[in-house]
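Good morning, and thank you for coming. Please look at the structure on the screen while I go through some of its features.

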Amino acid sequence: MRKARFKRPDPPPQTGSRARERLLDKIRTALGGATVDELRSAVVKDRLRLHPANLVPARANLPGEQLIALFRQMLESQAATVIEVETPRDVPAAVADYLRRSNLPARVRMGQDALLRRMPWQQESAVECLDGAAEAGDAVGISHATAAAAETGTLFLASGKDNPVTLNFLPDTHIVVVEQSKIAGSYEAVWGRVRASVGNGPLPRTINLISGPSRTADIEQTIVMGAHGPRSLAVVIIRQK
């Protein structure tokens, strides 16, 4: 008589959260922290609550115009173009001029950002503005930076429908608008402003830090522009306080 043979069923696949907890448990065990450590927990909670500042370089403590000059210098040293305008109303004309001088299509993509939307784009009849997240065929994207750090010429761009993340990576040319009042000296100061802007609410899902066009030297130490994002970056600083 042939006996029936039964195969033990495979265990159900672990969900992402379960797998993550198992991995973290292994790390805790290896570090000797598998058991409850009240002192360690208190230190972590205080750090999350107080946000102690890290090292701030001396160049981040420059006053007013010197700070803006440093921001511009750091951006230009990383192959970015910097354009200064007086008011938000001046941005569309500055963008149109940049597109002409760079021989770029007069067609730009932007999200639902309130500042960008209030600008008089209709006065630049040659410029076509497209809505929403970037698409594969978009040559130029425009974003509004949440803040910027002069110490390295870095723009902070928060994700969301106002400024879709795809604008940071898909178009070959990225134009970023930032108000002078949002340019701080150090990273620490910028993160403080970002936290203050959301209060007790959650931070944006993603904050991209951008300091120039995309570049890499992974292959034979040869600089290649546009490997992981835009080949060109233009930063429009609105001087009006």
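Let us begin with Val 177. Leaving out residues up to four places away in sequence, Val 177 touches Val 91, Leu 116, Met 119, Ile 142, Ser 143, His 144, Ala 145, Val 236 and Ile 238. Before I continue, please note that this is a predicted model, and every value I quote is computed from it.

Val 177 belongs to the largest nonpolar core, which has 22 residues. Which members of this core touch the most other members? They are Val 91, Met 119, Ile 142, Ile 175 and Val 177. Several elements build this core: at least two residues come from each of β1 (81–85), α4 (91–101), β2, α5 (114–118), β4 (140–144), β7 (173–179) and β12 (232–238). The largest share is that of α4, which supplies six residues. Apart from this core lies another one, of 20 residues, including Ile 68, Ala 148, Leu 233 and Ile 237.

I turn now to Met 110, which sits in strand β2, residues 107–110. Is Met 110 buried or exposed? With a relative accessible area of 1%, Met 110 is buried, because the limit for that class is under 20%. If its neighbours within four places in sequence are set aside, Met 110 is in contact with Leu 116, Arg 117, Trp 121, Cys 129, Leu 130, Asp 131, Gly 132, Ile 142 and Leu 167. Consider Cys 129 from that list: 19 residues separate Met 110 from Cys 129 in sequence, while their C-alpha atoms are 7.2 Å apart in space.

The next topic is aromatic rings. How many aromatic pairs are there? The count is two. In one of them, the ring centres of Phe 156 and Tyr 187 are 5.7 Å apart and the planes stand at 75 degrees, so this pair is edge-to-face; the angle needed for that label is over 60 degrees. Phe 156 is in strand β6 (residues 154–158) and Tyr 187 is in helix α7 (residues 187–198), so the pair ties together parts that are 31 residues apart in sequence. Phe 156 also forms an edge-to-face pair with Trp 191, at 5.4 Å centre to centre and with 80 degrees between the planes. This pair, too, links distant parts of the chain, with Phe 156 in strand β6 and Trp 191 in helix α7, 35 residues apart. As for accessibility, Phe 156 is buried, at a relative accessible area of 1%. Tyr 187 is partly exposed, at 26%, and Trp 191 is partly exposed, also at 26%.

Let us move to helix α2, which covers residues 38–50. This helix has 13 residues and reaches 18 Å from its first C-alpha to its last, close to the 18 Å expected at 1.5 Å a residue. Why can we say that α2 lies largely in the open? Of its 13 residues, the number buried is zero, so the helix lies largely in the open. After α2 comes His 51, with a positive phi near 50 degrees.

Ala 79, a residue other than glycine, has a positive phi near 70 degrees. Where is Ala 79 placed? It is in the loop between α3 (64–76) and β1, and with a relative accessible area of 46% it is partly exposed. Asn 103, likewise not a glycine, has a positive phi near 55 degrees. Asn 103 is found in the loop between α4 and β2, and at 72% relative accessibility it counts as exposed.

To finish, let us consider the chain as a whole. The chain holds seven helices and twelve strands. Of its 241 residues, 36% are buried. Among contacts between residues at least 6 apart in sequence, 70% join residues at least 24 apart. The chain exposes about 15,100 Å², and carbon and sulfur atoms supply 53% of that area. Thank you for your attention.

How values were computed
Residues are numbered from 1 along each chain as its sequence is written. This is a predicted model: local features need pLDDT of at least 70, side-chain atom pairs count only at pLDDT 80 or more; totals for chains, interfaces and linings use all residues. Side-chain values use heavy atoms; hydrogens and water are left out. Helices (H or I, at least four residues) and strands (E, at least two) are DSSP runs, numbered from the N terminus. The expected span of a helix is 1.5 Å times one less than its number of residues. Buried means under 20% relative accessible area, exposed over 50%, partly exposed in between (1.4 Å probe, protein chains only). Rings of Phe, Tyr and Trp (its six-membered ring) pair if their centres lie within 6.5 Å; planes under 30 degrees apart count as stacked, over 60 as edge-to-face and the rest as tilted. Contact means heavy atoms within 4.5 Å. A nonpolar core is a set of buried Ala, Val, Leu, Ile, Met, Phe, Trp, Tyr and Cys residues joined through side-chain atoms within 4.5 Å. Accessible areas come from the Shrake-Rupley method with a 1.4 Å probe; for residues, only the protein chains shown count as cover.
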